[in-house]
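Hi everyone, thanks for coming. I'd like to walk you through one structure today, so please have a look at it with me.

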2 protein chains.
Amino acid sequence: LAGARASSAGAWGPARPFRPGTPALDEFPFEVWGRLAARHWRRPPAGLLGYGDPAGHLPLREAVATYLGTARAVRCGPEQVIVTAGAQQALDLAARLLVDPGDQVWIEDPGYLGARAALSGAGARLVPVPVDEEGLDVSAGAARAPRARLVYVSPSHQYPLGVTMSLARRLQLLEWAERAGAWILEDDYDSEYRYAGRPLAAMQGLDRGGRVIYLGTFSKVLFPALRLGYVVVPEGLSCAFANARGVLSRFSPSVDQAVLAEFIEEGHFARHIRRTRSLYAARQAALVKAVRSELAGALEVSPDEAGIHLVGWLKEGADDGAASSAAARLGVDAQPLSSFTLEHRRRPGLVLGYAGYDERQLRAAARRLAAALKQ
Amino acid sequence: LAGARASSAGAWGPARPFRPGTPALDEFPFEVWGRLAARHWRRPPAGLLGYGDPAGHLPLREAVATYLGTARAVRCGPEQVIVTAGAQQALDLAARLLVDPGDQVWIEDPGYLGARAALSGAGARLVPVPVDEEGLDVSAGAARAPRARLVYVSPSHQYPLGVTMSLARRLQLLEWAERAGAWILEDDYDSEYRYAGRPLAAMQGLDRGGRVIYLGTFSKVLFPALRLGYVVVPEGLSCAFANARGVLSRFSPSVDQAVLAEFIEEGHFARHIRRTRSLYAARQAALVKAVRSELAGALEVSPDEAGIHLVGWLKEGADDGAASSAAARLGVDAQPLSSFTLEHRRRPGLVLGYAGYDERQLRAAARRLAAALKQ
């Protein structure tokens, strides 16, 4: 963890607009969840109380495999699904198992800080690869670090830019990885939220060479404090991942896993995704409208077909770090794009999460952000 | 994790005698736990649903600090307590934060396999140090690896031998560590269970130089599937540990933490320890009686003032690995002492956990073990 000692994996505490990654917590059906939990605590079977399978509770692994097959065209059996304590543990697990200290790893630039922390914590030498309108620039990566061991990528909805990786690029990356013997770590962190356009299936389903490790989380769809996520690994890696998961923290809380499995099986999960999908589409529209009316000329946003955040673009030459600090002083959380960037500077911008905030909150925050930008 | 790729951190699945580490699950007050959980799910505050403090839920950290101060003479404030997903994550966290690849680390020989896996996973070069009737042989360690970065030790009740480290040895180790600038990782995994004799306070409370990292778990007192434990760190290390915990898996499930905090505050925790302490004392006596009547001449046990397992000693020259395999074929789990040993071979033996099994089960298992040893 030498490289990660000074930096945490993310913000915490009460969420305020526009902190990204927080879902609409007040929309979650806690009465359903509480009922399922109560049923389990009433007469918990011994199998849910002692030491559990490091790979996860089998009914949950089955439910995840079925869901991912249908929703994301991920091709896997339950034995390839390893339950983790959220996406961060999945990143840490993959990084530590697949990367040796000193190995080169491509990361998207700009890119997700939690992935950067996990990879540098495993001793990786990070190689920032630019992202264009088709996603990760595979040729640039191949030119710069042809012998990289692993590539971290968020093809569905690049974090933070929101680009969807084109099919051509996906195939190029898969082909390169197979030739180079490199691993692809596909982070599908907010794939549930697509509002328009044809959803591209996960890269995992296109992978013929067994190079893709696919990861997802329930933090964005359900609630972050659940701490459950998963990684889907090529068949030959199941045992290694399960054993390594055991060394990290043995297994995830069994009753939580069992409750989640039932929540999925009984249809509550699909229903909650459907409900929040319409809600977040409306909230995105509200954010776009608020920015265009309150921040005209100062911040530019475009609607996005997917995700739970937008990038607001500042004027060329503006200092997004200073803008973010000014916003924070007025109670608005707007992370600067530059903080996600290692080398490939681009137009300055602010990351604006919207899923967790209602129309009124979004409008009020846009107004405060406008005041901050005027300073 | 290179060194740990092949080995898991521990056994799982339905526990059968004499698998150690499993408490009496049917004695746990699940009606109380379920009631506290239901109260939280009914109207969960937003602060328990979003991203939480990587260091842990403050009321739980306060409850742990108070409990450890009273029960174990640990001297710490809540800000020094970092909540983890059980002892295994505490071990992994400490190993990764304090050990650089290639560093020498003293480990007890024989010793706990989960610690070995975490430390070698962090790239440590393990230095097996013998254990005698006073605990870890500090002089032997100092002679063999005077520049070790860290020492892993279980002074209350050495795992698996059950020795309590003498005060003289504790002071010798503290003094050596301070001089050498080494860390001491004090694993107090089953400190709640002492049946007789004067309990020695934790080493942490004797530490004047800020060298001790103290860890404990709720897996043995409550139930393993809860996945909550803690590490108590010297003041200057709180931030580094909290940040690193964030990189590993962000934080532990908040509702579980809040329920546990109330479980402690309302006195259920202390009551459960008291009840299980008498129960386990009786079970240990039952095990000793069963072994002495069913296994006379084949296996030798002595009562122990503490812990939730005993070592059964085989005859000199016996093959404890073969004995363990024979027992497994008859449905008895009896891990061979040799499997915990790297270098310092001693009289062969079997590790016999008893806390999770009633008198009838212990007697039946002793009878089957006797049959296995006759083969």
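Predicted model: local features only at pLDDT ≥ 70, side-chain atom pairs only at ≥ 80, totals over all residues.

Let me begin with a question: is the crossing of α3(A) and α7(A) left-handed or right-handed? It is right-handed.

Residues are numbered from 1 along each chain as its sequence is written, chains are lettered from A and ligands numbered from 1 in the order in which they are written, and side-chain values use heavy atoms, with hydrogens and water left out. Helices (H or I, at least four residues) and strands (E, at least two) are DSSP runs, numbered from the N terminus.

Back to our pair. Helix α3 of chain A covers residues 86–98 and helix α7 of chain A covers residues 238–249; they pack at about 115 degrees with axes 10 Å apart. The axes are lines fitted to C-alpha atoms, for helices over the stretch in contact, and angles run from 0 to 180 degrees between N-to-C directions. The angle is why α3(A) counts as roughly perpendicular to α7(A); the classes are under 35 degrees for roughly parallel, over 145 for roughly antiparallel, 65 to 115 for roughly perpendicular, and oblique for the rest.

Who touches whom? Contact means heavy atoms within 4.5 Å. On the α3(A) side we find, among them, Q89(A), D92(A) and R96(A), and from α7(A) the residues include F241(A), R245(A) and L248(A). By class, this contact has eight nonpolar, two polar and three charged residues. Here Ala, Val, Leu, Ile, Met, Phe, Trp, Tyr, Cys and Pro are nonpolar, Asp, Glu, Lys and Arg charged, and the others, Gly among them, polar.

Now across to chain B. The axes of α7(A) and helix α3 of chain B (residues 86–98) come within 5 Å and cross at roughly 85 degrees, so α7(A) is roughly perpendicular to α3(B) as well. G246(A), V247(A), L248(A) and S249(A) meet Q88(B), Q89(B) and D92(B) there.

Two salt bridges link the chains, meaning a side-chain nitrogen of Lys or Arg within 4 Å of a carboxyl oxygen of Asp or Glu. The side chains of D92(B) and R96(A) form a salt bridge at 2.9 Å, N to O.

Over all chains there are 32 salt bridges. One of them pairs R72(B) with D188(B) at 2.7 Å.

Last, some backbone points. P17(A) and F18(A) are joined by a cis peptide bond, omega about 0 degrees, and the bond from P17(B) to F18(B) is cis too. R227(B), not a glycine, has a positive phi of about 55 degrees.

Methods
Left-handed = near helix turned anticlockwise from the far one by under 90°.
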